[in-house]
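Hi,

Here is the structure I promised to pass on. Have a look at it first, and then read my notes below.

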Amino acid sequence: MTPDVVAVKDLANYELLVTFAGGEKRCFSMRPYLDYPAYQLLRQPGKFQLAHVLNGIVAWSKDIDMSPDMLYLEGEPVQ
């Protein structure tokens, strides 16, 4: 089972630094997802920077979020 997200920081080039319960960190690129209709609004100035943790997931609004499973499995481990 994937641990919950406990912290998120937006980085340059539509990347996220995600911290999971237990302290593990991963870097996740949202660039490939910005072509999907669900995430296209994140291209607007200032929208991507609204990333926050909501109930263990990363969310930007009530309609835009990313599951911890995807963030963990596709993210690159950070030391």
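Val8 stands opposite Val18, which is in strand E2. The model is a predicted one, by the way, so keep that in mind as you read on.

The pairing is part of an open sheet of four strands, in the order E1-E2-E3-E7, with antiparallel pairing. Which strands stand at the edges? They are E1 and E7 (76-78); each has a single partner strand, so one side of each has no neighbour in the sheet. From one strand to the next, the twist averages 30°.

Next, the aromatic rings. A pair of rings is described by how far apart the centres are and by the angle of the planes. The model has six aromatic pairs. One of them is Phe20 with Tyr72, an edge-to-face pair with 5.2 Å from centre to centre and 85° between the planes. This pair links distant parts of the chain, as Phe20 is in strand E2 (residues 15-20) and Tyr72 is in helix H1 (residues 68-74), 52 residues apart.

Are the two partners buried or exposed? Phe20 has 0% relative accessibility, so Phe20 counts as buried. Tyr72 comes out at 22%, so Tyr72 counts as partly exposed. Tyr72 has another contact too: the charged end of Arg26 sits over the Tyr72 ring, 4.0 Å from the ring centre.

Elsewhere, Phe28, Tyr33, Tyr36 and Tyr39 make up one aromatic cluster.

Most residues other than glycine have a negative phi. Asn13 has a positive phi, near 60°, and is not a glycine. You'll find Asn13 in the loop between strand E1 (5-11) and E2. Asn13 counts as exposed because its relative accessibility is 55% and the cut-off is over 50%.

Asn55 also has a positive phi, about 55°, without being a glycine. Look for Asn55 in the loop between strand E4 (52-54) and strand E5 (57-59). With a relative accessible area of 73%, Asn55 is exposed.

Happy browsing!

Terms used
Residues are numbered from 1 along each chain as its sequence is written. This is a predicted model: local features need pLDDT of at least 70, side-chain atom pairs count only at pLDDT 80 or more; totals for chains, interfaces and linings use all residues. Side-chain values use heavy atoms; hydrogens and water are left out. Rings of Phe, Tyr and Trp (its six-membered ring) pair if their centres lie within 6.5 Å; planes under 30 degrees apart count as stacked, over 60 as edge-to-face and the rest as tilted. Helices (H or I, at least four residues) and strands (E, at least two) are DSSP runs, numbered from the N terminus. Buried means under 20% relative accessible area, exposed over 50%, partly exposed in between (1.4 Å probe, protein chains only). A charge sits over a ring if NZ of Lys or CZ of Arg is within 6 Å of the ring centre and within 35 degrees of the ring normal. Two strands pair if DSSP finds at least two bridges between them. Axes are lines fitted to C-alpha atoms, for helices over the stretch in contact, and angles run from 0 to 180 degrees between N-to-C directions.
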